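Here are my notes for your review.

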Amino acid sequence: MELFVNGNKLDITLENEKTVGDVLKSFEEECAKNNATTIQIVLNGKKVEANDFDSICAQELSEKTKLELTVVSQDEIRDSLKTKAEESESLSEELLKLSAQLQGGKDKESSILISKLADFIDGFCRTASLSSLFPEFYQTISIDEKSLNDFFADFSPILNDFEQAIASKDVVLMGDLAEYEISPRLLMIANALKDL
C-alpha cells in the first residue's frame, strides 16, 4: 500500500495491519502523541465522507491501496492563529479609513478592503473550528474574556448588519459599523491571539 500525509509519501512497513481501519487506528495513535489529528482521508482517489468511514475501515489492504491523509497539528493551529492576530490588527486599522473611502468615491479601495475583511473572517472561522479538534487548547482561547463561541455569537449580528448595509449601499452605516463595531473587535481578536 501507499500512504501519503499532507502530500508527502511515507516509507512505511506494515506490521499487523490488515485493513484500512487498522492503518488509520495506528496512524491516529501516532498523531495523538504529537498533538495532531487527521482532518481528511482520501482512499484510492476518493474523499471519504463521515457516513462512509465504517465501510472503508473494513476494507482489506492490498498493494494497490492508496491512502492520502491531511493532518493538522495543534502547533500549526497556534501558528496560524498568531498570523491571524497580525492580519486582524492591520485590518482593524484599515477599517478606520473605510468611511472616508466610501464618502470620497474610492469604490475600488473600499471594495478591496471589504473583500479582505470577508476573507479574514472566513479564514479565522475555519482556523478556529480546527482548533476545536484540540479541546484543551481551544478552551484556553478567549477574546474579551469570552470563549470563541460566545465572542462570535455577539459578533455575527454585527457582521450581518454590515452585509445588509453593503447590499443596500448604505455607506454611512457601513462606515459606522466598520469604525465603531468591527474595527474594535478585530483589535480584541489581535490582542487575544498574540499571546497564545
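1. Two strands count as paired if DSSP finds at least two bridges between them. Strands of a sheet pair through backbone hydrogen bonds, either parallel or antiparallel. Keep in mind that this is a predicted model.

2. Start with β3 and β5. Strand β3 covers residues 36-43, and strand β5 covers residues 66-73. The two run antiparallel and share seven bridges. Which residue of β5 is the bridge partner of V42? That partner is E68.

3. Now turn to β4, residues 46-47. Strand β4 also pairs with β3 in the antiparallel sense, over two bridges. Here V42 stands opposite K47. V42 therefore has a bridge partner in β5, E68, and faces K47 in β4.

4. Next, the whole chain. It holds eight helices and seven strands. The radius of gyration is 22 Å, while the globule rule gives 16 Å for 196 residues. The value is well over the rule, so the chain is more spread out than a compact globule. The C-alpha atoms fill a box of roughly 65 × 30 × 25 Å along the principal axes.

5. Of the contacts with a separation of 6 or more, 70% join residues 24 or more positions apart. Of the 196 residues, 38% count as buried.

6. Last, surface and charge. The protein chain exposes about 11700 Å², and carbon and sulfur atoms supply 47% of that area. The chain carries 20 positive and 38 negative charges.

Conventions:
Residues numbered from 1 in each chain as written. Predicted model: local features only at pLDDT ≥ 70, side-chain atom pairs only at ≥ 80, totals over all residues. Heavy atoms only, no water. Helix = DSSP H or I, 4+ residues; strand = E, 2+ residues; numbered from the N terminus. Rg over C-alpha atoms; globule rule 2.2 N^0.38 Å. Buried < 20%, exposed > 50% of the residue type's maximum accessible area, 1.4 Å probe, protein only. Contact = heavy atoms within 4.5 Å. Areas by Shrake-Rupley, 256 points an atom, 1.4 Å probe, with all protein chains shown as cover. Lys, Arg positive; Asp, Glu negative; His and termini not counted. Charge placed at Lys NZ, Arg CZ, Asp CG, Glu CD.
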